[in-house]
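Welcome, and have a look at the model below. The notes that follow go through helix packing and then the ligand site.

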Amino acid sequence: MSDSTEGNGKREQLVVERVPKALLVGGRWRPASDGREYEVEDPSTARPLCAVPDAGAEDARAAMDAAAAAQDGWAATAPRERGEILRRAFELIVERQQELALLMTLEMGKPVAESRSEVLYAAEFFRWFSEEAVRIEGGWRTAPDGNGRIWVMRRPVGPALLITPWNFPMAMGTRKIGPAVAAGCTMIVKPAHQTPLSMLALAEILGQAGLPDGVLNVLTTSRPAEISDPLTDDPRLRKLSFTGSTGVGRKLIELSARQVLRTSMELGGNAPLIVCRDADLEKAVEGAAIAKMRNIGEACTAANRIYVHRELAEAFTGRLAEKLGSMVVGRGTEPGTQVGPLIDGAGLDKVDRLVRDAVSAGARAVTGGAPLSDRPGYFYPPTVLADVPTDAAMLREEIFGPVAPVVTFEDDDEALRLANDTEFGLVGYVFTESLRRGIRYAEELETGMLGLNKGVVSTPAAPFGGVKQSGTGREGGSVGIDEYLEIKYVAVDV
Ligand code: NAP
């Protein structure tokens, strides 16, 4: 083993060791009440990194007790104080960016450069909501008949359960924790079982930033239903915010009906990316490469269906294949790596199944097309498929991997029909040099967001969310805090 490999190994071990491997309940770090633990795996080696507590129903009740006990005091805290805690946490995250990025890469797999971007993106939600905490507005108006006044105020919803996915282990947390803290809600956070370490590190930082005990409670578990069942049955819980797949989201909406919880659902996507006849080809290739390959294709916003005007299809497919085919696949911690492993064996099997299905139905792999079995871990190479039939399973399901299926179209009507033919509606991308055409797509694509000549839409300053079965509610922007506030109207006699 070379000195540098050994040094890197030590650094990796140190960042993992530094994370508290415990549940956070009422300000106390502690093991699961029944002592159970589960192993967290490094997807680039398929080897365990460490073990974390495997929380069950008793821990869920304890976390609920802590969140409920802290709620009134927290709601009464000055908005500026809540904002300052977020601001300090923002600064601490930025200071520790390198180490947090390495930790994230170890548990999730993405290249360290992408983890660094996510850490900053995650921190920005805290900065954004530190500024929103002091701008919670109400209203005052004279009743139309002049008799009395209409007073509208906003109050924190109350204790919230926040469930996050593995693909953006920190940002999907801060996008919920930021507005919940700003609004004055206490919370129980359940990170995905594959990526608990980034959330535990984040919770420690929030404590260092001054977040009072009990406001944020964290439960790591491999048995999610044992947490969500008792919590959604508990009348003290008032809100459930979930980011994850549409299937699990549906189940959680059903559970939320028991106590008629406020819900925010950031669910799956099946993004169309449309390259119009008048598109700037290089811009479109660049945009498609980012929209497809960001996060190894494991993003709800990933371009899942690439529709290209027939006249541009050959040139576009060739350029995209060249670009994706030259990307360096490897362990996310290795310098120069652009494509890391997929999250686990199930993720890899799904991508493999979808590619095989498309190829057997007539698609052609221009680059890639089979898992990389020459190494441990869950690696799939960047893949571009041409001539994908419109009924291929990969155009219906989220691929969640580095596979770009290209389908051709004849005119805008057909592109819109194909793009809207899905139950999902998170985001779309359109490449055109025509303003008129851009406006038409912006109005007629059934999505919550649109990238117009742009392959990335995510920013804390904009409302992120979907329509149809991609979810309800918005995270970020000036409306993100509303998900954690109730409107109260007071009829005033004067
Ligand atoms: P997932 O399987 O739906 O899991 C998401 C979270 O839900 C995890 O923490 C998971 O815990 C938990 N969960 C699963 N079953 C549960 C239950 N019965 N009760 C309570 N919690 C439960 O999704 P994923 O594979 O982590 O993430 C990928 C999905 O997220 C994709 O569909 C992607 O499009 C979507 N996503 C959407 C957005 C958005 O903003 N719209 C952003 C990112 C990702 P375990 O890990 O323990 O199973």
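## Helices H13 and H14

In what follows, contact means that heavy atoms lie within 4.5 Å. This is a predicted model, so please read the contacts with that in mind. By that cut-off, H13 brings Asp412, Asp413, Ala415, Leu416 and Asn420 to the meeting, while H14 answers with Arg437, Arg440, Tyr441 and Glu444. Sorted by class, the residues in this contact are 5 charged, 3 nonpolar and 1 polar.

Two packed helices are described by the angle between their axes and the distance between the axes. For H13 (residues 412-420) and H14 (residues 435-444), the axes come within 11 Å and cross at roughly 30°. Angles under 35 degrees count as roughly parallel, which means that H13 is roughly parallel to H14. The crossing of this pair is right-handed.

## Helices H6 and H7

Helix H6 covers residues 171-183 and helix H7 covers residues 196-208. Their axes come within 10 Å, with a crossing angle of roughly 35°. Here, H6 passes H7 in a right-handed crossing.

Which residues of H6 and H7 make the contact? From H6 come Gly173, Thr174 and Ile177, and from H7 come Met199, Leu202 and Leu206.

## The ligand site

How many residues surround the ligand? There are 30 of them, and the closest are Thr164, His193, Ser245, Leu267 and Glu398.

Where do polar atoms of the protein come up to oxygen atoms of the ligand? Glu398 places a polar side-chain atom 2.5 Å from a ligand oxygen atom. Ser245 likewise has a polar side-chain atom 2.6 Å from an oxygen atom of the ligand. With Gly244 the backbone takes part: one of its N or O atoms lies 3.4 Å from an oxygen atom of the ligand.

Note on methods. Residues numbered from 1 in each chain as written. Predicted model: local features only at pLDDT ≥ 70, side-chain atom pairs only at ≥ 80, totals over all residues. Heavy atoms only, no water. Axes fitted to C-alpha atoms, helices over the stretch in contact; angles between N-to-C directions. Helix = DSSP H or I, 4+ residues; strand = E, 2+ residues; numbered from the N terminus. Parallel < 35°, antiparallel > 145°, perpendicular 65-115°, else oblique. Left-handed = near helix turned anticlockwise from the far one by under 90°. Nonpolar A, V, L, I, M, F, W, Y, C, P; charged D, E, K, R; others polar. Near = heavy atom within 4 Å. Polar contact = N/O pair within 3.5 Å; in protein donor to acceptor, adjacent residues only side chain to side chain.
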